[in-house]
Amino acid sequence: MSAVEKVEQQLAGLRIARRCVPSEEPAYLLDIHTSSAAQPGASPLVAVSCSNESLRVYDGAALRLLREYGARGGVLAGVRFAHTSASLVFSACSQGTVQCWDVRSATQKPVQVFSGYPSNAFISFDVSCGDLVVCAGTEKVEKDTFLVFWDARGITDCASATKEPLGVYSESHNDDITKICFHPVEPNLVVSGSTDGLVNVFDINKDNEDDALISTCNSDSSVSSLGWAGEGYKQVYCTTHDEGFCWWDTAQLDTEEPITLLHVLDARESVSTENQGLHYLVGGFYHEKAGKLFLLGGTSTGDIHLLSCSAEGLSLLGTLRGGHSAAVRCCCWSPTEESLLTGGEDAQLLLWKPGAVERSLTKKASLKISSSVQKRVRVHNTSLKSRKK
């Protein structure tokens, strides 16, 4: 059995290991991230952003709630742990800040606030590897949309200090910047996606935005998630709000080879599944051991489809059933734990591991929760920019 086949068998064998105790105030779970282990053998922390404008931190082994933070009036968008400290967790706020909390402290007060400009409403962000730079993306206000950057060094040295931006990029997108993702190992590379359909790769070491823009790829739709993949993480992929999927190889920018590895207009029509079919895409992850990109999709009743990506198309690897009772909104693969975390509209946070047996076998009934977060699906003008090769 090849390494790829072993990993695919392992993923298809994922079973529920833990189910979090539901909160007193049920909410959609919109984003998940895990920390690096604080010390060898220790379980990581899990952070979740919720539709009730809160951020929750759990113990990664038992899924026990440890901390809960609020944005004090603003809507939180996304969640990320620092790479070099397991105790620091970030989230962006619609009130024009990115906030950082230290989970070791019982206080609700952030240890660091990265403040934007007065009109900024942040809906996406990420932290570079090594925790050198924070970048956040804004909603479009009038004709303006921005990528805002801050120096993130020395977070723990200046408690509750407010940091001003290093600078902004303002010319490369012309609509809401929905996703930002720094390169896993090269801190100067960042990719951004927008409702304008564009996926831009930047080298932020360059002196200005024009020089920094390495490539512009067009998804022909509104970007809902994105990430890096491939050996050396030289590939970029994205999913779209109308369930499309795009996959590009930036290593081919300076060659005559095509940059597009795969473009699926509608994954719901291209993937054959049993019974209920595929209703939506959740996101993806690159599995280093297998050297392979995988996607997660699902059904409105909570089934999760694992999809394998190749240049030939998307194929169904397996379906995870018996976990969620409503649509799944977020996922996070942990390569160190070899486990999958999922969160959804049923307010449940689930931990999946290969061959696991859940201690409690009761499945929660579907929770009818009104979400404050709506998908933005816009009409896109695909001729706004010519694609760089």
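I took two strands as paired if DSSP finds at least two bridges between them, and I took helices (H or I, at least four residues) and strands (E, at least two) as DSSP runs numbered from the N terminus. I was working on a predicted model, so I kept to its limits: local features need pLDDT of at least 70, side-chain atom pairs count only at pLDDT 80 or more, and totals for chains, interfaces and linings use all residues. Residues are numbered from 1 along each chain as its sequence is written, and side-chain values use heavy atoms, with hydrogens and water left out.

**Entry 1: strand 25.** I looked up how strand 25 is connected and found that a hairpin joins strand 25 to strand 26 through 2 residues. The two strands run antiparallel and are joined by 7 bridges, with Leu306 standing opposite Gly318 of strand 26. I then turned to strand 24, which pairs with strand 25 in the antiparallel sense over 5 bridges, and noted Ser308 of strand 25 as the bridge partner of Phe294. Strand 24 and strand 25 also form a hairpin, here with 5 residues between them, and Gly302 in that turn has a positive phi of about 100°. For cover, I used buried for under 20% relative accessible area, exposed for over 50% and partly exposed in between (1.4 Å probe, protein chains only); 6 of the 7 residues of strand 25 are buried.

**Entry 2: salt bridges.** I searched for salt bridges, meaning a side-chain nitrogen of Lys or Arg within 4 Å of a carboxyl oxygen of Asp or Glu, and the whole structure gave 9. One of them joins Arg104 and Asp102 at 2.7 Å, N to O; Arg104 counts as exposed because its relative accessibility is 60%, whereas Asp102 counts as buried at 11%. I also checked Lys289 and Glu338, whose side chains meet at 2.9 Å, N to O. Lys289 lies in the loop between strands 23 and 24 and Glu338 in the loop between strands 27 and 28, so the pair ties together parts that are 49 residues apart in sequence. Glu338 is partly exposed, because its relative accessibility is 22%. Salt bridges with shared partners also join Asp31, Arg80 and Asp126 into one network.

**Entry 3: a charged patch.** I looked for patches, made of residues with over 30% relative accessible area and no salt bridge, in which like charges are joined within 9 Å and nonpolar side chains within 5 Å. I noted a negative surface patch whose members include Glu142, Glu171 and Asp210. Asp210 lies in helix 2 and counts as exposed because its relative accessibility is 62%.

Technical notes: Areas by Shrake-Rupley, 256 points an atom, 1.4 Å probe, with all protein chains shown as cover. Lys, Arg positive; Asp, Glu negative; His and termini not counted. Charge placed at Lys NZ, Arg CZ, Asp CG, Glu CD.
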